[in-house]
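Take a look at the sequence and the model, then work through each one.

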Amino acid sequence: MTIKQLLVGFVSLIAGAILILFLVTGWYIVDESEQAALITFGKVEDTITEPGLKFKMPWPIQRVEILSRGTFNLQVGYSEEDGEVVEFTREAKMITGDENILFADLAVQWRITDPELYLYSTFDAEQVLYNATSAALRGVIGSTAIDDVLTDQRPQVEAQVFENLVNLLEVYQIGVSIQDVKLQDVELPTEEVRRAFTEVTDAREQRLTKINEATRYRNQLINEAEGEKDAIISRAEGTRAERIERARGDVAKFDALYAEYLVNRDVTRQRLVLETLENVLPNTEIYIMDSNNDTVSYLPIRPLERGQNTAAEGGSN
């Protein structure tokens, strides 16, 4: 065998090895739910997010890390094994702002947004995320009263943990983003403490109930008083309008009498005197006198009127 044949055989062997490496490591597939980091000599050259068959230089020149684009779940204070929840009391035990002890579990949803930072910024990005989540949760619980954590302030606690965790990850730069955080179980350490807190909570609820009932009764009385006030004002306005109209009628009547008085003063004066006497002395007998101050006896006005009134009453009966 000559040297030339040896060289040709060596080159053929190398070419065959390269061909085999290309056939084995020169391609990769990206699924719709995945993303790929194309690494050349240890450096991320590109991030591929479009699904399909892709080609690259064979190993060891280039290699690919396939990462999921889905949402991951991280548990702090508990974990699930074979579908059962396993509590980690050491991790879940925390001290509140008013120096009480409780157990708090937190679930975090996160995604990989920068494959290069996720792969190379730290040795274990998930462990860094776990530690940052635990620190954010303990920081918020440590500055919050136990009543707020156990009752109606849980959404505010979750929002504050979310904000603190996002701020920490901006500093750590591990290539992940937080989608949501959710408190799972927040419990007191012993049954006796839980029972005492339940009694305090019941007393607080009863207090709020009494306050609401008193407020409702107060509003009822205010509404009734407002209605009575409006009714009094309405009656007063009606009386005012009635008196004004009556005064206007009296003025109109007076003006009419005054006009008649200007036409014939004596007759009007006598009529007014007679009408006034009738109003002042309604049951007085009236007699007509002549010029000699003798009573005119042949004109019994009152008996005639009484007879007419009697006949009228008998006819009506």
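This is a predicted model: local features need pLDDT of at least 70, side-chain atom pairs count only at pLDDT 80 or more; totals for chains, interfaces and linings use all residues.

Residues are numbered from 1 along each chain as its sequence is written, and side-chain values use heavy atoms, with hydrogens and water left out.

**Exercise 1.** Find where Asp152 lies, and decide whether Asp152 is buried or exposed.

*Solution.* 
Step 1: Look between α5 (146-150) and α6 (154-172); Asp152 lies in that loop. Helices (H or I, at least four residues) and strands (E, at least two) are DSSP runs, numbered from the N terminus.
Step 2: Asp152 counts as exposed because its relative accessibility is 55%. Buried means under 20% relative accessible area, exposed over 50%, and partly exposed in between (1.4 Å probe, protein chains only).

**Exercise 2.** Describe the place and the backbone of Gln173.

*Solution.* 
Step 1: Gln173 sits in the loop between α6 and β11 (176-187).
Step 2: Although Gln173 is not a glycine, its phi is positive, about 55°.
Step 3: With a relative accessible area of 40%, Gln173 is partly exposed.

**Exercise 3.** Which residues does Met57 touch, not counting those up to four places away in sequence?

*Solution.* 
Step 1: Locate Met57 in the loop between β4 (52-55) and β5 (62-68).
Step 2: Apply the contact rule, heavy atoms within 4.5 Å. Beyond those sequence neighbours up to four places away, Met57 touches Thr25 and Gln62.
Step 3: Check the cover: Met57 is partly exposed, at 42% relative accessibility.
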